[in-house]
Structures are given as C-alpha cells and as structure tokens.
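Please read the following briefing alongside the sequence and the coordinates.

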Amino acid sequence: MIACCRSLRHSFLFASFIACGRLFFASERGLQEILSSEASSIQDLLGILPRKRQGSNMTLALMPIPWQVSFTKDDPFLLDTDFYIELPENDNSDERLLRAAKRFLRRLSGRTGLFFESNSPAYGKNETPSFFQWNKKSPVLKIRCGRRGDETKLKEDESYSIEIATAQIMLEAETDLGILHGLETLLQLLSVDPFRQSYSWPTGSIHDKPRFPWRGLLIDASRHFMPVDVIQRNIDAMAAVKLNVLHWHLTDDQGFRIESKEFPKLHELGSAGHYYKQNEITYIVAYAADRGIRVIPEFDLPGHATSWLVGYPELGSAPGPYELSPYWGISEHVMDPTKDALYSFLETFLHEMTTLFPDPFVHMGGDEVKINEWNESATIQQYMLDHNISNAHELQAYFNNRVASILEKEGKIMIGWDEILHPNMPKNIVIQSWRGHDSMIQAGQQGYRSILSNGYYIDLCLSAETHYQNDPLPLDVNLTREEQELVLGGEATMWSEFVSPETIDSRIWPRTAAIAERLWSPQNVSDTHDMYRRLDIVSYQLEEHGLTYIKNYEMMLRRLVQGSDISALKNLVDVLEPVPGYERGQQLGYTTFSPLTRVVDAARPDAPVARRFRFLVEEFLQSSPTDRADTNRSAYVEIVECLSLWRDNHGKLSTSIERFPILQEVQQLSVDLADVAVIGLKAVERLRSMNKRIHFSNAERRSLNRARKAHGQTFLAVAYDIRLLTLEKIP
C-alpha cells in the first residue's frame, strides 16, 4: 500500500507552461555510445523503467540528469574501508577542493557507515603507499582539475567528466567548480549491492555541463526573518542539485535585515531586532563560495521601501513619520527620486554593502512601485516638469539610471525586476522576469540579458510538474539564436509571507530540485513521471543537509494534537495541499505575527501521497477492460486500499477534532474525504465489473463537488481524481 495551491504577486503570474518532448540524451555521439553493445538502454540507464543493475536493488536516481551517460556491464566499483581520494599533486594550495573532498568523505561515510582508514585526501599519484595502503591495491577516486574556478564569473566552466572502472574512479574538470558538481553526482550514483553485501558504483562514464549559467534560488528574509542556519542548510541543498546562485532578498516594507554601520538606524529601527550582522553576511558569502555558489543581495528600491524610511524619513516622497507595517501587501510609501540627498545616501550605503558581497551583480528590485505619493507631491511634479520627465515610468527610469551609475562606480552591475526595463537603461543591466515570458522576450529583443522567475514561484504551492514544464527557452520562443544567448537562466523564488524558519524548507524542497534539473539538464529531459520517481529518492538524500521538510511534518502534526496519536490526522493531511497562489492571504487576514502552525502549514505542496494516488488512477483508467477486471493488479489493489483507509478515517479522527479546536477548521474535509472514498470504491467496482447498472445519485455528485471546496486554506488533493473514476465510461 502506498504511504498514504496556489494570491499571486499579481494574477498574471499564472503562465501557460509548455511541455517538452520525450527524454533522450543531448549528444548524438553520446547517444551512440549509450546504445552500443557495451551499454544499457536509455531507460535502464536512468531508471525510467525499474531495473536492477549489477546486482543492485537501487534504481539510478540522478538529479539533475547529466548530458551524457553510459554504463558498461563490467563488475562495479565496490566501496570498502580502504577507499581514499587522490587530489592533483600540483593543487595542494586549493583549499576549496580539499574541503570539498573531505565533505565528500564524511557524507559517504555517513551514508554507508564505513570507517574509512584515510579520512583526508592524498596528493599526487600516491606512488608511495601510506601506512594503511601498504601492499594493497586500494580503491581510489582520482581527482584532476585544471584550475580554481571563479564562482562569481558568469559562464565560468562548470563541466566535468567521470570514468568509473572496477578498481578506480577518475573525476576530471577544467575548474574545481566542475569537481564540486561531479562529487554530488557520485553521491547520487552510489547504490547498494545486496549480493556482495557492499555499496558500489556502476562502471561507465558521465560527461556533464549546465544548460544555463544562472541557476538560482531567491530566499526572502525580509517578510519573515530567516536565521543563518536556515540559509546555510539551504545552500548545502542547492549545491547538491547544482544550483549556483543564492538571491538574498534583504529589504522590503516589513523589514531591513542587514547591519549598516554607516546608517545604523536602517537595521536598528527597520528590523524589529531581526537582522544579519556583517560578520554573518561575510560568513554566508564565504560558505556559499566554498560550495561554488554566488550570493546576490537585493535592496529593493524605490518602492517596497518602508523599512528604509522608518529610520531615515527624509528619503521618502511624503513627510512621514513612517513605521513598519505588520500587514502584507504593497506599501504606498516610496523614495523620492528627485532628491540629490537620496543619491548621496545610496552612494555611501552601496559602497558599504558592495564590500560585503564580492559578486559583480547587485539586485536593486524596482518592482511594484506605487506612484500615488509621486503624483500627490507638488515638488516632485515640478521637478518632472523642469526635467522633461513625462510620467512615473520615466521618473523611475531616471532613478534606476542614477542607481546603475552608482553601482558602476563600485564595479557592479544592476539587476532588477522586469518593471525596470526601459530603452534608456544601460545595456549591461539584467532583467529578472516575474510577470511572464513576454518581458523576458522583450528584454532579449532589446539586447538585455534576462533571468526567468515567472513559473518558478515556489511560494505559490504549485506542483513540481508545473515548474518542470516551464522552460526559459521553449522550442517556439520568439528569439533569434543571438537573443537566446542573453537568457542567462532562471530562479526559484521563495517569498516568505506565509513561511517561518520551521516551514520554509517544506515550501522550497523538494520541488526546487525539479527546477534545478530544468535549468541544468538538456531541454529534452522532460519525462514527468520519471522526474517524480527520482525526486522522491533525492528528497530523502537532501535531508542529510539538515533540511526539515520531512521530519518537521510529523512534528507539526503531533503539536496539533498535543502529543496524541497522529495516525488518523496524518491520513487526512497526507492528501491535503495548501490553497494555490496567495489565495490563502485573501481568505484570512494575515500579519507578521500570525501563527504559521496550523494544518495548512503542515500540509505540503504537491503532496506525495495524493500524487501517487493520481498516478495510480491514471494507470487504472488507461488499462484495458481485461486488466481492470484483474483484482491482483497493483494499481487496483493500491487504489482500493487507499479508498478503504480514507473511508474509515473520519471515524478515527473525529475524536481528535472534537478535542482540539485547532483541527475544527478541517473537519469538513475529513467528512468529505470519507464520503468521496465510499463513492470512489463504488466507481472502481463499477469499472472492474463493467456493470453499467451502477449509477451515481445526485447526492453523490453533490458530495464530489463539495469535496473540491477549500477549508482552513487547504483542499483535498485527491477529490478530482476520485471524480475522474466516476466519469469514466464503460465501453
């Protein structure tokens, strides 16, 4: 039995997504290698069809899928305590490579329980054996790379290759960034060999490189502050799936989250005491760089700026005073672009900040600027008249140009949300498209570089499949080859109105791993079912980085019932999902102090149990009448087991609902689940027996419709699939 979404920043964030074609390898030469007599089929290689390799009971689960993969039928590389790593003999000065190799050994030891006799890498060809390798031919991972890579350099070489033989593994790359990626691939490739009672790697070769140079994750630390440990563990997870940009949203209306020694009232009055000290910023930047990840700060201006104005009201377009608002939404308060004092302030502030962030890019926001204060200010209107500035969009372009010039003096390049796109802006800026593909296309056609975030808003609680099918450059994109080169990649965006440090991991992971694959792997890697198969495996591997999205789930359920038995509650919440988009905020008035501990916070986007049920229903409905009649077929058996469990669950949960008021908002969902489960069992029997005399009453149809309604900002994710069972016609 199986272990039994979505207010937009604006409604137009819901884009249409284009599904790609069937999965295959990008290189024709690589394809020929894979299909040679020495290699397995493509499906077998990547585990698209379940298959045991070389005595292993583990199906391969690489994510992202590499560009070229081929395996041989030779005996696997068996891991034992003699295993060691050999680094390049001329690279003993590359501390990043050494630290990465040590982390690899620790993680490998943690996964296998092996006590490696060499806990630190060796250098050179190891022609003189160490004490532990004397008179032994030990299994070795040899690492060779040309140079230290620059993670802050756009389009730096991140490629790598792996050759696995029975007694040796060779990992090679031009830069150590490629080596970092290759080590993650090896950890994913490790499998269990039950016949030899060992862990092993299959013999073969991998040649890999990223499709896009910009593969990012935005974490909003302004709406709800995210402590250093949250950022740290998410950086580790990013590295595991080959993401390479942390976009750190540090300022907004609700909070100014970085210490400024030049203007201390920014963080003292604008953060409610929750901000990063500069030494913490330096630590995180270095921590990320050690894992090949660049850190891009965002200081959102001239809108979303209330937290700036609390301490320095003279920068605003209205007289003030200002105070932090506990409410979500976009504040009317904006900076005054006509004041020279504002630019002097920003020159000093940005000089201070750019010393903390070595990356050449700085994000300056620029989105959702409310213009009421500009329109109502006689001083601003006169300035616009005197300087031939015709409208608010032109005034913002004037502001953005001056900010871009300040950054240029600091050796930095400006990034902004797509509202900053204007013909007068310098061509070296980067446009981040959040309102749709159209702005990204428009930017490319005008000669601007761009990053896609539309379709990757993970805070909307959409499915991994939705994000996976959203390609920055779909096959029919209206851009020339040269213009397509200006599309740098994409970013998953985690806005934090409805997450806390306790729940943020469950909104980022594991779905972001699917986005990571879309940005790394060949475009034609698009098999959604196989993506989910691999995602479920990688999801558990990511836990070793301290992510809490699995372990916090049952902890939050236990808290809801104060330590009582959670079995029945879990059966219900397993098939609930948060309402889509920002509908949650529209249904209930949230503030910065609202609890994020309810059922909706425990419920997970793209709920695994509900998704598994959906796939079972698809399989059952696509089967022939003969197969449907077979009560031993796994799809039928699992569907009946699930529906039977849900049918009986409300009787077991009702006592807890009566006892704990916090559960009463989902009581109707518990009732609805039981009701539709009964209808679902009737529908399955109707299809199995081909009995056309079985019909569904009007009351049953009303129950099916009622079950689709949200309660407590959650909805029954299986209601639609049960309804499909009732709609299927009998031939």
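Does threonine 493 count as buried or exposed? Threonine 493 counts as buried, because its relative accessibility is 0%, where buried means under 20% relative accessible area, exposed over 50% and partly exposed in between, with a 1.4 Å probe and protein chains only. This is a predicted model, in which local features need pLDDT of at least 70 and side-chain atom pairs count only at pLDDT 80 or more, while totals for chains, interfaces and linings use all residues. Residues are numbered from 1 along each chain as its sequence is written, and side-chain values use heavy atoms, with hydrogens and water left out.

**Two residues and their surroundings**

- Threonine 493 lies in strand β19, residues 487–494, where strands (E, at least two residues) and helices (H or I, at least four) are DSSP runs numbered from the N terminus.
- Leaving aside neighbours within four places in sequence, threonine 493 is in contact (heavy atoms within 4.5 Å) with Leu218, Trp417, Gln432, Ser453, Tyr456, Tyr457, Ile458 and Asp459.
- Glutamate 172, placed in strand β7 (residues 168–175), counts as partly exposed because its relative accessibility is 37%.
- Not counting residues up to four places away in sequence, glutamate 172 touches Arg144, Tyr160, Ser161 and Ile179; the C-alpha atoms of glutamate 172 and serine 161 are 5.4 Å apart, although the two residues are eleven apart in sequence.

- Strand β15 (residues 361–365) runs parallel to β16 and is joined to it by three bridges, two strands being taken to pair if DSSP finds at least two bridges between them; valine 362 has methionine 414 of β16 as its bridge partner.
- Strand β17 (residues 430–433) is also joined to β16 by three bridges, again in parallel, and here glycine 416 stands opposite isoleucine 431 of β17.

**The open sheet β2-β9-β8**

- Three strands in the order β2-β9-β8 form an open sheet with antiparallel pairing, and its edge strands, each pairing on one side only, are β2 (77–79) and β8 (191–193).
- From one strand to the next, the twist of this sheet averages 45°.
- Three bridges link β8 with β9 (residues 198–201) in the antiparallel sense, and the bridge partner of valine 192 in β9 is tyrosine 199.
- Helix α3 (residues 95–112) lies across β2 and β9 and runs at about 135° to β9, with axes taken as lines fitted to C-alpha atoms, for helices over the stretch in contact, and angles running from 0 to 180 degrees between N-to-C directions.

**The helix pair α17 and α18**

- Helix α17 (residues 511–520) packs against helix α18 (residues 528–541) at an angle of about 125°, with the axes 10 Å apart.
- The two helices α17 and α18 are therefore oblique to each other, since angles under 35 degrees count as roughly parallel, over 145 as roughly antiparallel, 65 to 115 as roughly perpendicular and the rest as oblique.
- The contact is made by Ala513, Ala514 and Glu517 of α17 together with Met531, Arg534 and Leu535 of α18.
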